[in-house]
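Open the model in your viewer and keep the selection panel at hand.

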Amino acid sequence: MGNLKITLRDNAWIRWGMLLMVGFVLAANYYFYDALSPLKSKLTEEFGFSSTDFGLFVSVYSIPNVFLLMAVLGGVILDKLGIRRTGFMFVSFMAFGALITAYGASDIYTNGGWGYGFMSSFMPSYSPELKMMLLGRFLFGLGAETSIVVISKIIVKWFKGKELALAFGVKLGLARTGSFLAFNLSPILIESPAGWTTAIWFAAFFVTASLIVFMIYMMLDLKLDRQSQQDGELVKSDPFRLSDLKKLILNPSFMYVTLLCLTFYSAVFPFLSFSADFFLNKFGLSVKESGFISSMLPVGTMFFTPLFGFVVDKYGRAASLMIYGSLILVLVHTCFAFTTINPYVLMVILGIAFSLVPASMWPSVAKIVDEKRIGSAYGFMFSIQNIGLWIFPILAGVVLDKTNAEGVESLNYTFTLIMFAALGILGLLFAILLKREDKISGYGLELPSNSK
Ligand SMILES: NCCCC[C@H](NC(=O)[C@@H](N)CCCCN)C(=O)O
């Protein structure tokens, strides 16, 4: 009979309580990512941001993840330093970056505060506000993607052999709650008597509060490790090896899923970053209402992702669902470009697409890739995905600036949306290739979870 000593993991209240804590950290992460999206027109009004400047601001988040391979390197650091030290380091980067971003927009800075002179001394075509905010978002991005990898590992640590799939679904739901709040709170907070930058400071303090919550989590984690060490239950993961990456890259199913991840997410997240401004311009809505419509996407995914996760677990058909999700994405972007169909309806339908693909894609990776390589696989996918999250917000901004005359009253988004629809078509192609390849390689993506 094995050692049956009860650990913190075995107490459902503590296990789910800790999920709420790390979910708070994720919600803050997603909140900050989206908090400035409803403020695009405000940033133009206050600091003269062009659409390209805004795209640059959104995309700089991904630079550390593309060029420093942070999502992969973060996994290596995680293996070496463990959850507590790695998590603390990267959530601190997030908080520091968020505070620098808020400082870059603040009156103290714009009135000649620390760093203003330096930021004014080079590249005069970019405003000092933009440069400081870019630096802040870069640091935020440096921490944010690796934090997502750390939190995935925390969930496996606490929920393996228990309610793992449900815990992953709830985690994503909590993250998306952050986006939902961002699109609704930022438009309210810009009207604060303390000034419009309250919206950015609030976002920065939310991320800082998440650092404190993470520090509380670290105490629980330490206690669990001590109990597990006594039990001999502590599981060491396999260290990252370059040869693992080579094996992944040579696997056609893995590459199709990675390319789908790149194209699909590039057609969703960068679109979401511009969506509030799109609704404002195309339908002549207020900042509040356009932010509210944007928030329909995360709301939809909060309901549909666990539902489709259940469907994939029970009935399979993951490869087909990825095809349907990609097809819906193309149709919605085409409707946004060429019709005036009610944007609430289209955003909810987009929420269905944005649930179908993630709910079937992430668990499929676990079927394609050996469990020992799953950390490297997710890290690699995140890094490739970030190439799209880096390039497409800039391209969206450039296309907007090039296809609209300067100072035009309402921006025409047609060409930007055609670009997103084209990305969706590429995603659809990769999803079809993945399903075809599955028939050859036999990973069983169309089968229910327990049959593989
Ligand atoms: N187990 C992996 C879950 C990934 C969820 C996915 N997030 C991402 O792909 C992030 N790399 C990018 C997040 C950027 C915006 N916050 C998701 O569907 O949210």
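**Stop 1: a helix pair**

Select α17 and α18: α17 passes α18 in a right-handed crossing (right-handed if the near helix is turned clockwise from the far one by less than a right angle, left-handed if anticlockwise). On the α17 side, the contact is made by Leu395, Ala396, Val399, Leu400 and Thr403, and on the α18 side by Phe415, Thr416 and Met419 (contact: C-beta atoms, placed from the backbone, within 7 Å). Six of these residues are nonpolar, two polar and none charged (nonpolar: Ala, Val, Leu, Ile, Met, Phe, Trp, Tyr, Cys and Pro; charged: Asp, Glu, Lys and Arg; polar: the others, Gly among them).

This is a predicted model; local features need pLDDT of at least 70, side-chain atom pairs count only at pLDDT 80 or more, and totals for chains, interfaces and linings use all residues. Residues are numbered from 1 along each chain as its sequence is written.

**Stop 2: the ligand**

Select the ligand next: 14 residues surround it, and the closest are Tyr30, Tyr33, Pro358, Trp362 and Phe382 (near: C-beta atom, placed from the backbone, within 6 Å). Which classes make up this shell? The shell has eleven nonpolar, two polar and one charged residues. To see where they come from, colour α1 (12-35), α8 (128-159), α9 (164-189), α12 (252-283), α16 (343-368) and α17 (374-403), each of which supplies at least two shell residues.

**Stop 3: the whole protein**

Zoom out to 18 helices and zero strands (DSSP runs numbered from the N terminus: helices H or I, at least four residues; strands E, at least two). The C-alpha atoms fill a box of roughly 75 × 50 × 40 Å along the principal axes.

Methods:
Two residues are in contact if their C-beta atoms, placed from the backbone, lie within 7 Å.
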